[in-house]
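Good morning, colleagues. Please look at the model on the screen while I go through a few of its features.

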Amino acid sequence: MDLFLQTLVNGILIGGILICLTIGFQLTFGVLHVIDFAVGGWTMLGGYTAYWLVTLAGIDPFISIFLVFALFLLIGRGLGPLIYHVRTSRYARPDLMALAFTFGIFLFMRGGALWLWSYNSRSVESVLSGQFLSLGPVTIPLMRLSAFVMALLFSLGLFILLYRSRFGMAVRALAQNHDHAGLMGVDVKRVSAWVYGIYTALTASAGVLIATVYSVNPSVGIRYTLFAFFVAVLAGLGSVGGVLVAGLALGLLEAYVATYIGARYSLLIVFGTLYLTLLVAPKGVLGRGI
Amino acid sequence: MSHKFSRRKFLRNSILGTGAMTLGFPALNVNAKEHKIRVGVVTSLSGANRFGGNLTRRGYDLWAEEINKLGGIEIEGERYPVEMFYGDAQSRPASGADAAERLIIQDEVDVLFGPYTSGVTLAVQPISQKYRVPMISGSAESPNVWLAKPAFNFGMIPAVDLTTDKSMMVLAENLGDRAKTASVIGVDEPFSKETAEGFRKGVEESGLDLLSYELFPAGSDLSAIVSKLKSENPDIVAIGGHEDIFINFVSTAKALNYKPKAMIMHYGVTSAAFIKETGTDSNGILGVSVWTEGLPYKDELFGTASDYSDLSFSRWGTRPDYTEAACSASGLVLQDAARRLGKAPPWDQGTRAELAKAIEDTDIETFYGPVGFAKEGNHFHNNTKPVPVVIQIKNGDVVPVAPENASKGELVYPIPGTS
């Protein structure tokens with residue numbers, strides 16, 4: 001029973017990490033209709049930025065996460081018009097071109113990370129690293145708990161932004177129809193660029209937490225890209241709400257399979273479940289986008 | 001006297017001159033080469049494995065520099081300097097094979113020194129076989145490298161299944177009755193899985209109870225695995241993987257309030273990067289090393305293991321690990337085989353085959369330890385002689401703790417702060 005409860009906690013906390021990773025990715029797909037292959041790259045760069053800030057300036061990740069958010073908001077905002085340009089290109093298959101473009105960005109990030117930080121894994125130390133809370137037989141790692149709380153805050157903040165602000169209304173209008181939103185006076189290019197900025201900021205901030213929970217090296221990017229993609233597909237591409245359900249479901253599934261069936265089969269069963277879910281509900285767990 | 005310009009004479013002289021140069025150049029070239037032994041190094045100088053690749057290069061280069069200080073390799077009383085050529089495998093097997101072919105065809109190397117990773121080694125093996133160029137590998141550790149019984153490839157480091165198996169037995173013998181159970185985990189990928197399987201074999205052979213054996217995909221969240229280990233509470237936890245898994249295991253275990261009595265890992269645990277990233281949490285962690293500077297081995301070129309370490313430190317600014325040492329020792333194997341071969345370079349295909357035979361018959365003592373290649377079985381042409389050293393990290397230092405002849409300190413068991 002103790003192990004069962006511990007597994008429940010482990011699963012929920014893994015779910016929190018998956019939610020952090022995917023929430024921005026969903027937003028950018030919902031609005032820009034771009035499957036951003038660079039999602040793992042932004043996560044990795046967020047982690048490395050936190051690593052630099054803690055080793056060079058002694059800034060704890062819980063403070064640097066705000067700096068990372070602001071920095072990547074600007075970087076994403078700067079890159080947004082390019083993504084928009086590629087995605088709305090008049091040439092053949094702009095959707096695939098956008099995928100290829102973001103893949104190129106990802107390769108550039110990976111190569112840059114190898115050059116700057118070499119191949120070794122880097123740990124990002126925080127005041128909460130290694131700290132835990134004991135509740136009877138269950139141990140709750142505080143760093144993972146804070147990642148889970150952060151995931152909830154990210155989601156809440158995003159919902160407030162989308163449903164309680166004029167900017168959010170413009171974003172939702174864009175998600176529904178770019179042309180109509182433009183005709184109603186929404187500056188499509190500008191809003192799209194900000195959406196990309198918010199996405200990179202959220203994902204890089206998630207990278208800070210992930211690097212603190214695990215570690216960061218140049219090869220982690222592709223792994224996080226895959227995870228983000230699987231959670232997003234299960235959630236329903238573009239569904240921000242679905243990420244909460246899908247992230248928790250995949251986290252719990254991974255933890256219980258690893259504990260009671262065998263860690264070797266965890267990814268097989270997770271992806272098998274994903275496949276079956278999509279056969280039954282192709283639009284994802286909530287059946288709708290933004 | 002007439003100096004009238006004749007176009008016919010000019011053309012004739014030009015053709016004759018060009019012909020003479022074309023025919024004469026190879027002779028000059030051969031003449032220039034014949035007093036040198038041309039060694040090709042195929043390793044990863046760029047890409048994901050460039051760090052390890054450069055370690056191999058350092059090891060090979062150090063040997064070349066030292067032997068050239070003496071005038072080169074001695075064959076039948078004459079000294080032949082060594083000239084090094086490099087091919088970048090770019091951390092990719094296919095590029096490694098291309099680089100090897102280029103070294104053999106364009107640079108006409110007499111012998112190859114092998115790549116950093118087992119994957120690239122497996123890709124280069126058929127090239128060395130095709131051109132009959134002996135290849136001495138100072139790094140590849142996967143047992144798969146030797147399964148195909150490569151006639152021209154020789155490995156200096158015992159395959160990982162041998163080192164982990166033996167090290168677990170050494171550890172169990174040292175702990176005696178204090179340790180009765182063990183659990184083994186490992187990443188489900190070639191090298192790590194073979195490491196874990198070696199540990200499992202060692203557990204079974206040493207009479208410990210194996211509580212669990214678990215493989216997991218690379219990049220898995222380790223919280224479930226750590227929670228399971230915590231509930232099993234084995235005396236020894238053995239982990240097959242690379243540094244990133246060890247770092248994640250140590251941090252996940254700490255966050256879940258779990259510290260086993262003994263943790264043993266393999267590749268990377270002795271690296272400065274691992275110790276730096278895990279900080280004080282690395283204290284007490286055990287590792288396996290084929291070689292350390294404290295071992296009582298020596299040879300004529302490098303002196304003792306400690307002398308070699310000092311030399312490497314003065315040349316490169318860092319202490320060598322066992323990969324660098326094995327790579328430098330590859331040169332000693334070549335030296336010895338060339339001396340026994342007794343034929344001056346350059347070596348044609350037939351002579352290179354004889355050289356491969358001479359390498360196969362190697363039986364020498366070096367600063368790296370004894371070298372002798374298996375002539376049959378699943379570890380064909382792998383140097384199976386070295387006995388692995390169990391090391392323990394103590395306050396950031398890597399201290400050999402077993403077996404007794406290599407020990408420089410007491411094995412701390414259980415690790416202070418054990419759950």
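In chain A, helix α10 (residues 240-262) packs against helix α11 (residues 266-280) at an angle of about 140°, and their axes are 9 Å apart. Helices here are DSSP runs of H or I with at least four residues, strands are runs of E with at least two, and both are numbered from the N terminus. Axes are lines fitted to C-alpha atoms, for helices over the stretch in contact, with angles from 0 to 180 degrees between N-to-C directions.

This is a predicted model, in which local features need pLDDT of at least 70 and side-chain atom pairs count only at pLDDT 80 or more, while totals for chains, interfaces and linings use all residues. Residues are numbered from 1 along each chain as its sequence is written, and chains are lettered from A and ligands numbered from 1 in the order in which they are written.

Which residues of α10(A) and α11(A) meet? A:Leu250, A:Leu253, A:Glu254, A:Val257, A:Ala258 and A:Ile261 in α10(A) meet A:Ser266, A:Ile269, A:Val270 and A:Thr273 in α11(A); contact requires C-beta atoms, placed from the backbone, within 7 Å.

I turn to chain B. Its domain 1 covers 34-158 + 294-371 and its domain 2 covers 161-289 + 388-406, with bounds from an automatic or database domain assignment. Taken over C-alpha atoms, the centres of domain 1 and domain 2 of chain B are 30 Å apart. In chain B, 11 residues of domain 1 are in contact with 13 residues of domain 2.

Finally, B:Ser206 sits in the loop between α7 (190-205) and β9 (209-216) of chain B. Not counting residues up to four places away in sequence, B:Ser206 touches B:Met168, B:Met169, B:Ala172 and B:Glu173.

Terms used. Two residues are in contact if their C-beta atoms, placed from the backbone, lie within 7 Å.
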